[in-house]
Amino acid sequence: MIKAVRGTRDLLPPDTALWNFVETAARNVFRLYNYREIRTPIFEQTQLFSRSVGEETDIVSKEMFTWEDHGKAASEKSQSLTLRPEATAGIVRAYIEHDLGRSGLLQKLYLMGPMFRRERPQKGRYRQFYQIDAEVIGPPAAGSESPSVDAELLEMLATFLERIGITGWTLELNSVGCANDRPKYNEALRAAIAKDIDKMCEDCRRRAVTNPLRVLDCKVPEDQPIIDKLPRMLDYLDESCRQHFQAVQDLLAAVGVSYVINSRLVRGLDYYTRTAFEFTHGALGAQNAILGGGRYDGLSESLGGPKAPGIGFAIGEDRLVLALGKTAEELSTPPDAYIAPLGAGMNREAARLARGLRGQGVVIELGDETFRLKKSLETGGKIGARFAIIVGENEVKADAFALKNLTTGEQVTVPRTELGNRIKQ
Ligand code: HAM
């Protein structure tokens, strides 16, 4: 038997109702903040990700699904392609490619879809997973650098989580500085790490050279006392980064969104500047980040685009659904009625009746004339229909049908023209 590939899975009904619930709520909330949808390809040129997410990150160095695409036609060149491990790089590429900054306005964009990372599968972690991603990006004159953009985005997330009934989340906030203050911090970090480097794990030793900021993200228990004593980025912020971070916090306080500062929050992607954040949730165990994001003021330029500061986030939909605390059954709606055609030639009549009722917004499941009445009534009950409608020769002649309430067992005869209203009552 051929099975789904390790780390991928089928989302089956009724569980898909949970996914639809979350996606509909996200669309509705994003609409209130004037976001519009963007859809980008699920594969891109590999260098888009290595240049934005960063060569030294776990995502690029070990988790991407990459292949060499040999062009079939002579005119097609061979190129390295990658299934998108995240959405921000593709959205910023599209922003640059279509010159979305030319309007001089902020672009507020969202995207929903599958992402791909070759991680070790476990609860809340898959190789094909789903993100609900949103980005605000634009020329500085549009206000894209303003701390109010950061605060609005975070407040929108709090509103969204509240709407879908998720409580008990924590907003963890940090500033990772900018191109001006980061080098000084990296230097201080390297010097501090050097003192204890031989006591640290292998990953930390490598990162100390390649990307010292990532040492802060180490989860090895023995390394924690050393890491806790390392210098904090927050103490190295230059004046403008410090003021920006303070303004974000003031605005969050003004709109009543609570947060905690986590000076070790550095995120697993290299494009971040200034505000970085995660929403974590206790119900999720080890993979406790429901969503993460931050600012990326230099990303567009590093991909050859114009100056276009931005900020965004991605919600891990698989984890969000786990934290939802609702059941699929609560959110699923069974059909209103099951139509039971009785005897030869009645499928035609049943189909005609079903078409009329569905036109009135009644949800119908249709039986078959070869089924016995007992089987039809049982099936109607199994699928959770409230009513069964019996379509036999006598009913067709009278143009009135037996309507059986499957909960109470009560049965009445109702003219065709009144059936829809009767069922919807
Ligand atoms: P990220 O932190 O890599 O950020 O991913 C965001 C969220 O996606 C995580 O918090 C988690 O919920 C979910 N996630 C990540 N990997 C997996 C996985 N293997 N299985 C299930 N869920 C997963 C980004 O992707 C950035 N692009 C976010 C962003 C947007 N920053 C700025 N704009």
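The following questions and answers concern selected local features of a predicted model.

Reader: What thresholds and numbering apply to this predicted model?
Author: Residues are numbered from 1 along each chain as its sequence is written, and side-chain values use heavy atoms, with hydrogens and water left out. Because the model is predicted, local features need pLDDT of at least 70, while totals for chains, interfaces and linings use all residues, and side-chain atom pairs count only at pLDDT 80 or more.

Reader: In what order do the 3 strands of the open sheet stand?
Author: Helices (H or I, at least four residues) and strands (E, at least two) are DSSP runs, numbered from the N terminus. Two strands pair if DSSP finds at least two bridges between them. In this open sheet the pairing is antiparallel, and the order is β2-β4-β3.

Reader: Which residue in β4 stands opposite Gln45?
Author: β2 and β4 (residues 79-83) pair in the antiparallel sense over 3 bridges. Opposite Gln45, the residue in β4 is Leu81.

Reader: At about what angle to β2 does helix α2 run?
Author: Helix α2 comprises residues 46-54. The helix lies across β2, β3 and β4, and its angle to β2 is about 80°.

Reader: How far apart in space are Arg93 and Thr40?
Author: Arg93 lies in helix α4 (residues 88-97). Leaving aside neighbours within four places in sequence, Arg93 is in contact (heavy atoms within 4.5 Å) with Thr40, Pro41, Glu44 and Leu48. Arg93 and Thr40 are 53 residues apart in sequence, and their C-alpha to C-alpha separation is 9.4 Å.

Reader: With which residue does the side chain of Thr88 form a polar contact of 3.1 Å?
Author: Thr88 belongs to helix α4 and counts as buried at 5% relative accessibility, where buried means under 20% relative accessible area, exposed over 50% and partly exposed in between (1.4 Å probe, protein chains only). Not counting residues up to four places away in sequence, Thr88 touches Asp133, Glu135, Tyr271, Tyr296 and Leu299. A polar contact is a pair of N or O atoms within 3.5 Å; within protein, one must be able to donate a hydrogen and the other to accept it, and residues adjacent in sequence count only if both atoms are side-chain atoms. The side chain joined to that of Thr88 at 3.1 Å belongs to Tyr271.

Reader: Within what arc do the buried residues of α13 fall?
Author: Helix α13 (residues 346-359) has 14 residues and reaches 20 Å from its first C-alpha to its last, close to the 20 Å expected; the expected span is 1.5 Å times one less than the number of residues. Its buried residues are Met346, Glu349, Ala350, Leu353, Ala354 and Leu357, whereas the face turned away carries the exposed residues Arg348, Arg352, Arg355 and Gly359. The arc is that of the directions from the helix axis to the C-beta atoms. The buried residues line one face of α13, because they fall within an arc of 135°.

Reader: Against which helices do the buried residues of α7 pack?
Author: In helix α7 (residues 202-210) the buried residues are Cys204, Arg207 and Ala208. They cover an arc of only 110° around the axis, so they are on the same side of α7. The elements against which these residues pack are α3 (58-63) and α6 (182-196).

Methods
Axes are lines fitted to C-alpha atoms, for helices over the stretch in contact, and angles run from 0 to 180 degrees between N-to-C directions.
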